[in-house]
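This report goes through selected local features of one protein model.

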Amino acid sequence: MSEESPRSCLEPRLVFATGNAHKISELEAILAPAWQGYAPGTIARMSDFNAPAPLEDGATFEENSLIKARALVEFTGLPALADDSGICVDIMGGAPGIFSARWCGAHGDDAANLDLLLAQLADVPGAHRGAAFVSAAALVLPDGREFVERGEVRGTLIRERRGEGGFGYDPIFVPEGYSRTSAELSPEEKNAISHRGKAFRALLPAIIEALKGK
């Protein structure tokens, strides 16, 4: 479709390399107030295209986010957004890091990943339980242009889960300046400080231009 052709507000203009509804909601909450032309349906998920997940064999969050976005552009022909996120624990030398989603050995088993990390930190005193959530967001366009931004939020890991919101390691992560875990924050509070929110906001001008078809 040429840029001059009319486009329905329900026609996908960008595809996000995720099946995670939380990530879609987080992106929409940041995007909608920044661009009045945004309408639900303009961002599709990779599952809408039955796109296969590429091998994420990068050594950094940035490399993995680009791998996912590049593969999705090639498969769909649309601008593609991807992020790679994880928790980096100071005393563990930055682990789990890029392996956060499969730390227990099974990809996406949040409960098992969290249980394993808590067990590994069981004897670590509170003063040494510092950590950071890190996210790298990448936007790749069909014309070959690429944009990557990084977001980070520091905090402390507690010993037991608290809160019903969020996902992943949120129930044991208390961001700096807060007494509540990320899982106890409202979506608005979390979006304002989150690592992924910071990366998305830094990438926002490029995302809006892609959605406008430029």
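Helices (H or I, at least four residues) and strands (E, at least two) are DSSP runs, numbered from the N terminus. The model is predicted: local features need pLDDT of at least 70, side-chain atom pairs count only at pLDDT 80 or more, and totals for chains, interfaces and linings use all residues. Residues are numbered from 1 along each chain as its sequence is written, and side-chain values use heavy atoms, with hydrogens and water left out.

**Backbone features**

Most residues other than glycine have a negative phi, and most peptide bonds are trans. The peptide bond from Ala 95 to Pro 96 is cis, its omega being near -5°. Pro 96 sits in the loop that runs between strand 3 (80-89) and helix 3 (110-120). Asn 50, a residue other than glycine, has a positive phi near 55°. Its loop lies between strand 2 (43-45) and helix 2 (61-76).

Contact means heavy atoms within 4.5 Å. Leaving aside neighbours within four places in sequence, the contacts of Asp 84 include Glu 56, Thr 60, Lys 68, Ile 98 and Ser 135.

Asn 64 belongs to helix 2. With neighbours within four places in sequence left aside, Asn 64 is in contact with Glu 56, Asp 57, Gly 58, Asp 84 and Ile 98.

The table gives polar contacts (a pair of N or O atoms within 3.5 Å; within protein, one must be able to donate a hydrogen and the other to accept it, and residues adjacent in sequence count only if both atoms are side-chain atoms).

| Atom group one | Atom group two | Distance |
|---|---|---|
| Asp 84 side chain | Asn 64 side chain | 3.4 Å |
| Gly 58 backbone nitrogen | Asn 64 side chain | 2.8 Å |
| Arg 196 side chain | Glu 26 side chain | 3.1 Å |
| Arg 196 side chain | Ser 85 side chain | 3.2 Å |

**Helix 1 and helix 5**

Two packed helices are described by the angle between their axes and the distance between the axes. Axes are lines fitted to C-alpha atoms, for helices over the stretch in contact, and angles run from 0 to 180 degrees between N-to-C directions. Helix 1 (residues 21-34) packs against helix 5 (residues 195-211) at an angle of about 60°, and their axes are 10 Å apart. Among the residues making the contact are Glu 26, Leu 27 and Ile 30 of helix 1, and Arg 196, Phe 200 and Leu 204 of helix 5.

Arg 196 lies in helix 5. Not counting residues up to four places away in sequence, Arg 196 touches Lys 23, Glu 26, Asp 83, Ser 85, Ser 135 and Phe 167.

**Accessibility**

Buried means under 20% relative accessible area, exposed over 50%, and partly exposed in between (1.4 Å probe, protein chains only). Asp 84 counts as buried because its relative accessibility is 5%. Asn 64 is buried too, at 1%, and Arg 196 is buried at 3%. Asn 50 is exposed, with a relative accessible area of 67%.

Val 73, in helix 2, is buried at 11% relative accessibility. The C-alpha atoms of Val 73 and Phe 16 are 9.9 Å apart in space, while the two residues are 57 residues apart in sequence.
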